[in-house]
Amino acid sequence: MVAEDARKLGDNGRPLSVLLPEGSRANLDPVAAAFTKKTGIQINLEEVHVDQINAELMLNSVLGQAKYDIALPATFGVADLVAAGAIHALDDYIGRYEPNGFRNAMLYQEGDKFDGQTYGFQTDGDAYLMFYHREMLNDLDAQKRYADRFGYILSTPETWEELDRQIRFFDSPAEGRYGGLLFRTPGYLAWEWWVRFHANGYWPLASDMTPQIAGEAGIAALEELIAITDCLVPEASSLGLFGNWARYAKGDVYCNIGWGGTQKYLNSLQSPMRGRMVHGPTPGGKVGHELLSAPYFNWGWSFVISTASTQKELGYLFALFAATPAMSTLAVRQPGGFFDPYRDEHYSDPGVQKAYSEPFLKVHREALEGAIPDLYLKGQSEYFQTLARGLDRALQGDVTPKVALTRVAQKWQLITSRAGRAEQIQRWAQLRAKYPPEARRLLRDIA
């Protein structure tokens, strides 16, 4: 039905142009080919660097160029793209074309809506996850030494305190072994701190949008992040996404942090780490005597329609076609692309299971279903870029953690004022309601 509707709209012979992140062409090539076969409409795919796609789409809108019809920006940037007028609301098209319950099988949808309207189709289940070297974790001598030293069984850690202890235990550069490969580049630094902070049991913003990040919980999270950095692979300070994957694949590092795309790379036939990993969610923390688990959805790609496009309805139909169970499964199972499962049907597909491994998919699904959302507010990029710069300055020793976070909190107040405080308070209340029930119960405002 989708293809038939698209064929009627696409009789002008013009192709559809799709802007996509580097590493996802392999996912979309077979989907685009299937769409062309059914409709006769050509699809032009254009890749840009993963960290530049949101900026490219924003620039396209500002210049008023109809360069792209469809784009796959990072989900965390959807709110800013809406605020900039760069992407088109889909609700009218949804009412006309989407079958009832079409999105029900999508396990994570929070980033596709903003201010009550729908702007995207989530197409990449990017829950943040942990990777552990199975042979190090299961080494009998290491297990005995760990238990003798700390009085704890060596197993996948539930808290950041446990993870940091294990990283220090395994770190031994003189023996050619490193404790961890957590990201230490400014663009990725904020994500780890965000999870560490939540694990300490506080909302990052009070209900009135007052920042709570510069209190004892935030400072402790940053001090711990800085302290463990000496036990990471030295290159961690310069490695981006793909460099991180290649470095961990060498097999001399205990733990890493990443996504399903990380697993697809490390589980490939060419990877020395294939079949040698144990997986877990990002660690949580203790709130009183209870464990606060804080899996985190911090990336993702979403199909959106550019406001500059002259083929918006047709672009929507391609996105709808790509998000169907059959086509999205075809995309996710491609071993050369880094889209991750996000629909219920994906997890039982043999091709997806082969690409990721069934043990990983179990952990991934649990994390995706229980994930805290990203900060989907107007100004998200400014909030997080300000946070990342502050964290990096503290990491480099330019300022103390307290000074760094105090300055970030002050700048956050200005960002909120520019965005409209009353509107941001309402958005934040709606976003807090989207947190998993256990997280909502345990997280608190500073009295």
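Mentor: Let us begin with threonine 324, which is found in the loop between α13 (312-323) and α14 (325-332). Helices here are DSSP runs of H or I with at least four residues, strands are runs of E with at least two, and both are numbered from the N terminus. The model is predicted, so local features need pLDDT of at least 70 and side-chain atom pairs count only at pLDDT 80 or more, while totals for chains, interfaces and linings use all residues. Residues are numbered from 1 along each chain as its sequence is written, and side-chain values use heavy atoms, with hydrogens and water left out.

Trainee: Is threonine 324 buried or exposed?

Mentor: Threonine 324 is buried, because its relative accessible area is 17%. Buried means under 20% relative accessible area, exposed means over 50%, and partly exposed lies in between, with a 1.4 Å probe and protein chains only.

Trainee: Which residues is threonine 324 in contact with, beyond its neighbours within four places in sequence?

Mentor: Threonine 324 is in contact with Phe102 and Thr329 when those neighbours are left aside. Contact means heavy atoms within 4.5 Å.

Trainee: Turning to helices, where is isoleucine 167, and is it buried or exposed?

Mentor: Isoleucine 167 lies in helix α8 (residues 160-170). It counts as buried because its relative accessible area is 0%. Leaving aside neighbours within four places in sequence, its contacts are Gly179, Gly180, Leu182, Ile228, Cys231, Leu232 and Cys255.

Trainee: How far apart are isoleucine 167 and lysine 67 in space?

Mentor: Their C-alpha atoms are 47 Å apart, and the two residues are 100 apart in sequence.

Trainee: And what about glutamine 143?

Mentor: Glutamine 143 is placed in helix α7 (residues 140-150). It counts as partly exposed because its relative accessibility is 26%. Not counting residues up to four places away in sequence, glutamine 143 touches Leu137, Asn138 and Leu154. Its C-alpha atom is separated by 30 Å from that of leucine 239, which is 96 residues away along the chain.

Trainee: Now backbone angles. Which residues other than glycine have a positive phi?

Mentor: Aspartate 115, with phi near 50°, and methionine 209, with phi near 75°, are among them. Most residues other than glycine have a negative phi.

Trainee: Where do aspartate 115 and methionine 209 sit?

Mentor: Both are in loops: aspartate 115 between β4 (113-114) and β5 (117-118), and methionine 209 between α9 (186-199) and α10 (216-228). Aspartate 115 is partly exposed, with a relative accessible area of 45%, whereas methionine 209 is buried at 0%.

Trainee: On to the strands. How many residues of β1 are buried?

Mentor: Six of the six residues in β1 (residues 16-21) are buried. In a regular strand the side chains alternate between the two faces of the sheet. In β1, Leu16, Val18 and Leu20 are buried on one side, and Ser17, Leu19 and Pro21 are buried on the other.

Trainee: Which strands are joined to β1 by bridges?

Mentor: Six bridges join β1 to β2 (residues 43-48), and these strands run parallel. Two bridges join β1 to β3 (residues 70-71), also parallel. Two strands pair if DSSP finds at least two bridges between them. As for bridge partners, leucine 20 has glutamate 47 in β2, and valine 18 has isoleucine 70 in β3.

Trainee: What is the strand order of that sheet?

Mentor: It is an open sheet of five strands in the order β2-β1-β3-β13-β6, with mixed pairing. The edge strands are β2 and β6 (121-122), each of which pairs on one side only.

Trainee: Finally, the whole protein. How many helices and strands are there?

Mentor: There are 20 helices and 13 strands. Of the 447 residues, 60% are buried. Among contacts between residues at least 6 apart in sequence, 76% join residues at least 24 apart.

Trainee: And what does the C-alpha trace span?

Mentor: Along its principal axes, the trace spans about 70 × 50 × 35 Å.
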